[in-house]
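Good morning, colleagues. Please turn to the sequence and the model on the screen, and I shall then take you through several of its features.

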Amino acid sequence: MVDLVASQPSSSGRGAGPLLSVERVTKRFGGLVAVSDVSLQVFAGEIVGLIGPNGAGKSTLFKVIAGINRPTSGTVEFEGRPIAGKRADRVCRLGVASTHQIVRPFPHMTVLENVMVGAFFGRVPRPHGTRAAREIAFEALHFCGLAARAEDAARTLTLAARKRLEIARALATGPAVVLLDEVLAGLNPTETDRTLELVRAMVARGVTIVIVEHNLRAVRGLCSRIAVMAQGRKIADGAPTSVLADANVIAAYLGTEPP
Amino acid sequence: MSKVHVARPLIAAAALLCAVLVPFAYPHAEYALDVLFLIFLYGAMSAAWNIIGGFAGQISFGHAAFLGVGAYATMILWSGGWSPWATVPIAGGLAAIYSIVVGVPSFRLRGPYFSIATIGIGEATRLVALNWSKLTGGASGLTMAAGPPPQVQYLSALALCAAAFGISWWIVRSRFGFALAAIKQDTDAAQTLGVDTTLFKTLALALSAALVGIAGSIYAMHYLYVSPDSVFGFSTAIALVIMPIIGGVGTVWGPLIGAIVYTFIREQFAVKLANADLLAFGLLLVAIVLFEPKGIVGAWESIVARRGIRKRAAGATAGG
């Protein structure tokens with residue numbers, strides 16, 4: 001059996017400090033402020049939901065954490081080390097993996113080969129042998145219920161399977177934190193339940209999850225904590241029931257009642 | 001499946017052994033030896049181009065620059081009193097260093113924009129060679145009186161070709177090859193999975209340029225003459241792109257097949273109809289782009305696949 005998830009390094013056991021810490025991050029695109037002064041802390045073992053209306057800045061915040069976008073100001077720390085402004089591949093190798101909102105498998109590779117890329121290049125130290133990478137990839141596919149499709153071309157998968165492939169690839173990098181960007185979008189209720197089960201199983205194996213999601217029913221059942229963004233700002237952060245009952249949150253989603 | 005995996009390296013080893021024996025078995029077949037020399041030299045360059053252009057998907061129209069750097073390095077040192085063989089590693093090393101210097105800024109561009117930049121690199125290098133007459137002899141180039149015997153040239157081209165294909169064979173099975181394939185298919189997705197895309201593109205380019213630079217060294221020993229228009233010319237750069245495309249971009253053996261077809265067509269037309277070879281290559285390229293983007297190897301594979309399906313269908317009917 002291969003250890004899919006790198007065991008929590010002893011260096012991260014620095015008391016109760018957050019695993020991932022976003023401090024006063026702002027991201028501007030020209031005149032548009034996509035993320036405005038947002039702080040967010042994620043502790044090991046949590047499932048944090050990040051919700052908000054379209055255009056609230058959730059995906060942009062994810063891209064800042066994952067190293068795809070550089071923040072205009074503010075800091076991001078992972079295991080106490082600053083990661084803001086580092087390239088995406090370095091952030092991944094440090095242990096923060098992410099899935100794409102629009103799934104992008106490598107079209108001319110098999111499902112297994114897709115996951116092997118993550119196994120080869122994820123969090124250091126990595127196994128160098130092809131055989132070891134194959135084992136890690138198989139384990140990730142098995143975990144995600146895709147083992148039977150290992151030898152199929154990635155482009156033949158259904159949307160639901162592609163979304164699980166994204167998760168399998170991220171998992172094969174051996175991450176401490178996985179950022180899931182709308183992995184439930186476009187799935188039917190059965191597929192949604194399977195994916196939620198998968199996310200819970202990931203947490204049970206020691207992976208910390210931050211998930212952007214529009215399906216509020218799913219988020220309420222899944223997350224230990226929810227942060228809400230609207231118009232680039234964080235407007236609430238706390239336990240699911242209290243956050244979803246918050247007047248500001250309801251106003252952001254539904255608008256205010258006319259007087 | 002496993003039968004094929006054992007058989008292919010064995011066939012390659014047997015073919016290599018036969019090729020090594022040719023100059024000993026037929027010491028007087030000078031023309032045939034010359035044609036085979038060209039096939040192996042161009043085969044090596046074609047396989048080298050395929051590392052960055054085929055495996056990593058970064059189409060370069062500037063590889064003549066690396067051929068020229070290698071060829072000039074050998075000519076300059078050789079005329080300065082060096083043994084030509086001692087210049088071989090220097091030719092490869094200089095070409096690799098030059099490729100890193102010009103490649104790192106070019107890799108900030110992607111897809112067709114990168115390709116356009118490589119055209120500029122090739123032309124700029126040619127102009128430098130043309131005008132730096134103190135070092136390069138300017139437009140008239142550099143010449144030497146006599147080189148190594150043809151049999152030795154043949155064996156060195158064969159060794160380089162075998163090395164280039166051995167490296168290609170290894171790449172597609174390795175972690176390095178996975179990085180290049182991921183970069184080719186989706187650079188952004190590769191990066192989010194931890195692939196240092198700039199590093200691996202640069203490594204692939206340097207490896208490719210080193211092999212082409214060594215080919216340039218052997219080229220200089222063969223022709224005993226290098227000039228900006230011969231080694232740095234745009235038609236040389238295009239030849240390096242045409243061969244792998246004819247044979248099969250991104251496949252291991254396609255570049256060798258492309259080099260054979262290329263050398264054959266060129267030799268035929270050189271005798272009968274000068275410059276009509278360009279027309280033949282043009283038509284061939286159009287046919288490949290329209291019908292079989294993976295070249296001759298791709299066409300062969302789809303024929304085999306179709307036969308397999310037919311056989312299975314026939315077996316199913318017979319069994320049922």
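In which strand of chain A is the place of Asp37(A)? Asp37(A) belongs to strand β2 of chain A, residues 32–42; strands here are DSSP runs of E with at least two residues, helices are runs of H or I with at least four, and both are numbered from the N terminus.

Before I continue, a word on the source. This is a predicted model, in which local features need pLDDT of at least 70 and side-chain atom pairs count only at pLDDT 80 or more, while totals for chains, interfaces and linings use all residues. Residues are numbered from 1 along each chain as its sequence is written, and chains are lettered from A and ligands numbered from 1 in the order in which they are written.

To return to Asp37(A): its phi is near 55°, a positive value in a residue other than glycine. Asp37(A) is partly exposed because 14 other C-beta atoms lie within 10 Å; the term buried requires 20 or more such atoms within 10 Å, exposed 12 or fewer, and partly exposed is in between, with C-beta atoms placed from the backbone.

Leu224(B), not a glycine, has a positive phi of about 60°. Leu224(B) sits in the loop between α10 (197–223) and β2 (225–226) of chain B, and its 14 C-beta neighbours inside 10 Å make it partly exposed.

Is Leu207(B), in contrast, buried or exposed? Leu207(B) counts as buried, because it has 20 C-beta neighbours inside 10 Å. This leucine, Leu207(B), is part of helix α10 of chain B.

I turn now to the nonpolar core, meaning a set of buried Ala, Val, Leu, Ile, Met, Phe, Trp, Tyr and Cys residues joined through C-beta atoms within 7 Å. The largest one has 181 residues, and those with the most contacts inside it are Ala137(A), Leu41(B), Ala44(B) and Ala215(B). Helix α10(B) gives the most to this core, with 16 residues. Setting aside neighbours within four places in sequence, Leu41(B) is in contact with Ala157(B), Ala215(B), Ile218(B) and Tyr219(B); contact requires C-beta atoms, placed from the backbone, within 7 Å.

Finally, the two chains meet. How many residues does the contact take from each chain? It takes 18 residues from chain B and 22 residues from chain A. On the side of chain B that touches chain A, α8 (175–185) and α9 (187–192) of chain B are the elements giving two or more residues, and α8(B) gives the most, with 6 residues.

Terms used. Contact = placed C-beta atoms within 7 Å.
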